[in-house]
Structure formats: C-alpha cells, structure tokens
Amino acid sequence: MSGNHGHERVSCASCDAVCCRLTVVVMPDDDVPPHLVERSPEGLEVMGRCEDGWCVAVDHARMCCSIYEQRPQVCRKFAMGSGYCRSVRHEYR
C-alpha cells in the first residue's frame with residue numbers, strides 16, 4: 001500500500017510502548033487510581049514510574065496499559081504515528 005511516502009509504518013502493536021516512558025502529568029479531571037500517582041519534584045501529580053523508567057500502569061507481559069479505560073487525558077491525546085510519536089520512537093532506538 002502506498003501513501004507512507006517513505007515513512008516507516010507505525011503501529012502500537014509493533015512498538016515497545018516507548019510513549020509509556022514519558023512523564024505523564026495527571027490532571028484534576030483524570031480518574032487514575034491514586035496508588036499509581038506520585039508527586040514530581042516540581043509539585044505536579046504524575047503517573048508513577050518503575051525503577052526502569054516505565055509507567056507503573058504498563059502491563060509488561062502484554063506491553064499495554066493496565067488502566068486503559070482510566071488512562072490520563074495526556075495519554076488519550078498521544079496520537080499513534082504523529083510527529084511526536086515518531087520522534088519518541090526514534091530517540092528510544
């Protein structure tokens with residue numbers, strides 16, 4: 001199928017969930033389980049991270065979000081294949 005214009009095809013199914021290594025600010029309207037949230041040094045509520053840098057909500061066995069229906073708005077807005085997505089994937093490699 002043409003239309004990729006030389007770009008790699010991006011799919012969450014073939015990714016290591018690298019976006020789940022980004023800092024995720026939890027907004028007041030988000031319905032994230034409180035035990036997954038921590039306060040950053042700057043005083044912001046953020047998704048907690050494991051020692052290896054991954055979001056604490058990542059299911060490592062399936063490489064997907066374990067709280068998908070309750071994920072923060074910033075995660076909902078992260079678009080697969082967007083310029084930011086591609087940039088994060090490139091930096092991870």
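The structure is a predicted model, in which local features need pLDDT of at least 70 and side-chain atom pairs count only at pLDDT 80 or more, while totals for chains, interfaces and linings use all residues. Residues are numbered from 1 along each chain as its sequence is written, and side-chain values use heavy atoms, with hydrogens and water left out.

Let's start with the fold. The protein has 2 helices and 4 strands, in the order β-β-β-β-α-α along the sequence. Here helices (H or I, at least four residues) and strands (E, at least two) are DSSP runs, numbered from the N terminus. Of the 93 residues, 28% are buried, where buried means under 20% relative accessible area, exposed over 50%, and partly exposed in between, with a 1.4 Å probe and protein chains only.

Grid points are joined across faces, edges and corners, and a volume is the space filled by probe spheres set on the points. In the table, Ala, Val, Leu, Ile, Met, Phe, Trp, Tyr, Cys and Pro count as nonpolar, Asp, Glu, Lys and Arg as charged, and the others, Gly among them, as polar.

| Space | Volume | Lining by class |
|---|---|---|
| Largest pocket | about 670 Å³ | 27 nonpolar, 2 polar, 3 charged residues |
| Largest cavity | about 30 Å³ | 5 nonpolar, 2 polar, 1 charged residues |

Among the 32 residues lining the largest pocket, Cys 12, Cys 19, Cys 20, Cys 75 and Phe 78 lie nearest its centre. Helix 2 gives the most to this lining, with 4 residues. The lining of the largest cavity includes Cys 20, Leu 22 and Met 47.

Helix 2 spans 83-92. Its residues Cys 85, Val 88 and Arg 89 are buried. These three are on the same side of helix 2 because they cover an arc of only 100 degrees around the axis, taken from the directions from the helix axis to the C-beta atoms. Gly 83, His 90 and Glu 91, on the other side of helix 2, are exposed.

Finally, look at Asp 29, in the segment before strand 1 (37-39). Asp 29 is exposed, with a relative accessible area of 75%. Asp 29 and Gln 73 are 44 residues apart in sequence and 8.5 Å apart in space, C-alpha to C-alpha.

Conventions. On a 1 Å grid over the protein atoms alone, a cavity is a set of points where a 1.4 Å probe fits but cannot get out, and a pocket is an open set with protein on both sides within 12 Å along at least five of seven lines; lining residues have an atom within 4 Å of a point.
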